[in-house]
Amino acid sequence: MRIVVALGGNALLMRGERADASVQLHHVEAAARALAPLAAEHELVVCHGNGPQIGLLALESEADPSLTRPYPLDTLGAETQGMIGYWLAQSLRNAGVRKPVLAVVTQTVVDAADPAFAAPTKFIGPIYDRDQADRLAGQNGWTMAADGPNWRRVVPSPEPLRLIEQESIEQLASGGTVVVCAGGGGAPVVDDGQLRGVEAVVDKDLTSAELAIALKADRLLLLTDVSAVMTDFGLPDAEPLRHLDVAELEHLTFPAGSMGPKIEACRRFVLATGSTAAIGALTDAEALLLGEAGTTISA
């Protein structure tokens with residue numbers, strides 16, 4: 001079976017945690033242990049988020065007085081792919097994966113005229129209270145939005161059209177390599193005869209769905225920091241939704257900056273392939289594949 005797994009950036013750095021390398025590596029090692037059994041039995045392609053990580057790098061870049069201007073988001077996205085890809089490749093080997101493991105820095109083509117550039121929705125970076133958010137918005141010209149009871153920076157998140165390295169990823173996966181790719185949705189580029197990076201962060205779940213469709217994957221697993229899709233998420237009477245079909249999704253609403261893209265990614269994959277997608281906790285990866293945990297989405 002060919003499986004595309006998308007690891008949420010928040011699963012690699014929990015909300016409110018310090019962004020120390022040791023903290024993140026601890027979570028990456030846990031992710032690798034959860035994924036190792038899947039790699040042993042199946043063709044595995046691993047994508048990952050980078051919201052907390054790219055936000056941290058953007059903060060550091062904004063605050064660096066030696067720079068004429070901060071590093072652009074596409075470049076910071078490539079930097080997070082190298083960092084997290086290195087951690088994942090190393091940790092998968094240490095978790096007992098005997099297949100070759102390769103991290104591929106990936107470029108994702110987007111449309112320069114995508115309306116998302118005028119309406120930022122993608123959360124990056126740490127959480128703030130309202131006063132901190134207002135101060136940073138004024139100081140750096142950032143757009144801030146509510147993320148539950150807290151506030152975070154939001155940036156444009158254009159639709160992924162295709163991956164430049166898609167053919168190479170297919171060849172590697174078919175040859176038995178565990179591929180880590182499309183980190184943070186891939187570094188966003190436009191292709192007008194020349195590839196050119198743009199100031200955005202592509203949603204990694206939507207990119208993972210596009211890649212899973214292109215690779216003709218049998219399953220798409222979105223692993224995050226919640227155990228399942230919930231009704232009334234964050235409220236005392238929240239309940240997990242164990243199974244949804246694509247018709248039911250038409251009548252449900254989910255937050256645009258968090259669960260919404262995951263639901264949309266699953267919907268696209270299921271409609272395009274007729275196969276099953278699932279959303280759940282990183283630690284439940286095997287059970288999620290078997291339909292014994294999380295939320296399963298089918299046709």
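This is a predicted model: local features need pLDDT of at least 70, side-chain atom pairs count only at pLDDT 80 or more; totals for chains, interfaces and linings use all residues.
## A first walk through the structure

The side chains of His243 and Ser298 are joined by a polar contact of 2.8 Å. His243 lies in strand β15, and 55 residues of chain separate His243 from Ser298, yet their C-alpha atoms are 8.0 Å apart. Leaving aside residues up to four places away in sequence, His243 touches Glu248, Thr296 and Ser298. Is His243 buried, exposed or partly exposed? Its relative accessibility is 45%, so His243 counts as partly exposed.

### The sheet of eight strands

Strand β15 leads us into an open sheet of eight strands, ordered β3-β9-β2-β1-β12-β16-β17-β15 and mixed in its pairing. Which strands stand at the edges? They are β3 (101-103) and β15 (243-245); each has a single partner strand, so one side of each is left without a neighbour in the sheet. On average, neighbouring strands here are turned by 15° against each other, direction ignored.

Within this sheet, β2 (residues 43-48) and β9 (residues 178-180) run parallel and are joined by two bridges. Val45 stands opposite Val179 in β9. Helix α6 (residues 166-174) lies across β1 (2-7), β2, β3 and β9, and runs at about 140° to β2.

### The sheet of three strands

Another open sheet has three strands in the order β5-β7-β6, and its pairing is antiparallel. Its edge strands are β5 (122-128) and β6 (143-147), each of which pairs on one side only. Neighbouring strands of this sheet are turned by 40° against each other on average, direction ignored.

Strands β5 and β7 (residues 150-155) are antiparallel and joined by four bridges. To follow this pairing by eye, find Ile124 and look for its bridge partner in β7, Arg153. Helix α3 (residues 51-63) lies across both β5 and β7, running at about 70° to β5.

### Strand β10 and its partners

Strand β10 (residues 187-191) is mostly covered, with four of its five residues buried. Strand β4 (residues 107-109) runs parallel to β10, while β11 (residues 195-197) runs antiparallel to β10. Val189 is a handy landmark here, as its bridge partners include Val109 and, in β11, Gly197. Strands β10 and β11 form a hairpin with three residues between them, and in the turn Gly193 has a positive phi of about 100°.

| Strands | Direction | Bridges |
|---|---|---|
| β2 and β9 | parallel | two |
| β5 and β7 | antiparallel | four |
| β4 and β10 | parallel | three |
| β10 and β11 | antiparallel | three |

Now for a pair of helices. The axes of α2 (residues 21-41) and α4 (residues 73-94) come within 8 Å and cross at roughly 50°. How do α2 and α4 lie relative to each other? An angle between 35 and 65 degrees counts as oblique, and α2 and α4 are therefore oblique to each other. Their crossing is right-handed. On the α2 side, the contact is made by Ala21, Gln24, Leu25, Val28, Glu29, Ala32 and Leu35, and on the α4 side by Trp87, Leu88, Ser91 and Leu92.

Helix α7 (residues 204-214) is mostly covered, with eight of its eleven residues buried. Among them are Lys204, Asp205, Leu206 and Thr207; Ser208, Ala209, Leu211 and Ala212 are also buried. What caps the N-terminal end of α7? Asp203 does, with a side-chain oxygen 2.9 Å from the backbone nitrogen of Asp205. After α7 comes Lys216, which has a positive phi near 55°.

Arg268, found in helix α9 (residues 259-273), touches Leu206, Glu210, Ile213 and Glu159, not counting residues up to four places away in sequence. The side chains of Arg268 and Glu159 are also joined by a polar contact of 2.8 Å. Why does Arg268 count as buried? Buried means under 20% relative accessible area, and Arg268 counts as buried because its relative accessibility is 18%.

Methods: Residues are numbered from 1 along each chain as its sequence is written. Side-chain values use heavy atoms; hydrogens and water are left out. Buried means under 20% relative accessible area, exposed over 50%, partly exposed in between (1.4 Å probe, protein chains only). A polar contact is a pair of N or O atoms within 3.5 Å; within protein, one must be able to donate a hydrogen and the other to accept it, and residues adjacent in sequence count only if both atoms are side-chain atoms. Two strands pair if DSSP finds at least two bridges between them. Axes are lines fitted to C-alpha atoms, for helices over the stretch in contact, and angles run from 0 to 180 degrees between N-to-C directions. Contact means heavy atoms within 4.5 Å. Angles under 35 degrees count as roughly parallel, over 145 as roughly antiparallel, 65 to 115 as roughly perpendicular and the rest as oblique. A crossing is left-handed if the near helix is turned anticlockwise from the far one by less than a right angle, and right-handed if clockwise.
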